[in-house]
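This note sets out several points for a colleague who is new to the entry. Please consult the sequence and the model alongside it.

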Amino acid sequence: MEIHHTKHHQAYIDNLNKALEDLKEFQNIDITTLLKKINEIPENKRTVIRNHGGGHLNHSIFWEIMAPNSRKPSPSFKKEIEKYFNSLENFFEEFKKTAMGVFGSGWAWLVMDDKKNLLIKPYPNQDSPYMENLYPIMGIDVWEHAYYLKYQNRRAEYIDNWFKIINWEEVEKRYQDLKP
Ligand code: MN3
C-alpha cells in the first residue's frame, strides 16, 4: 500500500500538473469539475488528463475510504444498501463480481446517480464516474499494482480482504455529502 501511495499516486499528480501547464483555463478548477468537463479539454491533452486526473481523484478517494479498524455500516446506511441490493451480503457479492469482471486494469465503484439511486459499475483504466456525471461513493482499485506485491494474481482474495478494511463512516459521509 505504501509504494502504491507514494509512487503510483504521485506519478498521476505530476503528470496531471504537467498536462495542465499550458491549459490556463483548466488550471484553477477542482478535479471533479475538470473530469466532468473532460470533453471540453483540447483533444491532444484529453487522454492524458482523463488517465492522470482520473488516477489522482480515484486514489484520493481510495485512501479515504479505508481504515485499519473497520466497523460496520450504520443501520440507516445499511438500510439504503438493502434498498438497492436486497442485503449487505448480496451487495458484497455483486461488488465482488463486478470487481472480478474488470478485464485488465480498472476499478469497481459504488456510484450514485443524480436521482440518488445507488448502483455498482466497472470502469476501465482510471476512468472516473464523474466523467458520466455519476458520484463515486466507494471503489476498489483492481489494477495489478494494487495487489500484486501481497496477493500476486489472487484478485478474489484481495477483494475479500479489502471488504474488511472499509471505512464505512467515510463511505456514508461521501454518500450524504454528494447527495444532489
Ligand atoms: Mn492504483
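1. In which helix does Lys18 lie? Lys18 belongs to helix α1, residues 2–20, where helices are DSSP runs (H or I, at least four residues) numbered from the N terminus.

2. This is a predicted model, in which local features need pLDDT of at least 70, side-chain atom pairs count only at pLDDT 80 or more, and totals for chains, interfaces and linings use all residues. Residues are numbered from 1 along each chain as its sequence is written, and side-chain values use heavy atoms, without hydrogens and water.

3. Lys18 has a relative accessible area of 57% and is therefore exposed (over 50%; buried is under 20%, partly exposed in between, with a 1.4 Å probe and protein chains only). Between Lys18 and Ile49 there are 9.6 Å from C-alpha to C-alpha, at a sequence separation of 31 residues.

4. Helix α3 (residues 43–64) packs with α1 at an angle of about 140 degrees, the axes being 8 Å apart; axes are lines fitted to C-alpha atoms over the stretch in contact, and angles run from 0 to 180 degrees between N-to-C directions. Residues making the contact (heavy atoms within 4.5 Å) include Tyr12 and Leu16 of α1 and Ile49 and Trp63 of α3.

5. Beyond its neighbours within four places in sequence, Trp162 contacts Phe62, Ile65, Met66, Phe95, Met138, Gly139 and Ile140.

Definitions and conventions:
Helices (H or I, at least four residues) and strands (E, at least two) are DSSP runs, numbered from the N terminus.
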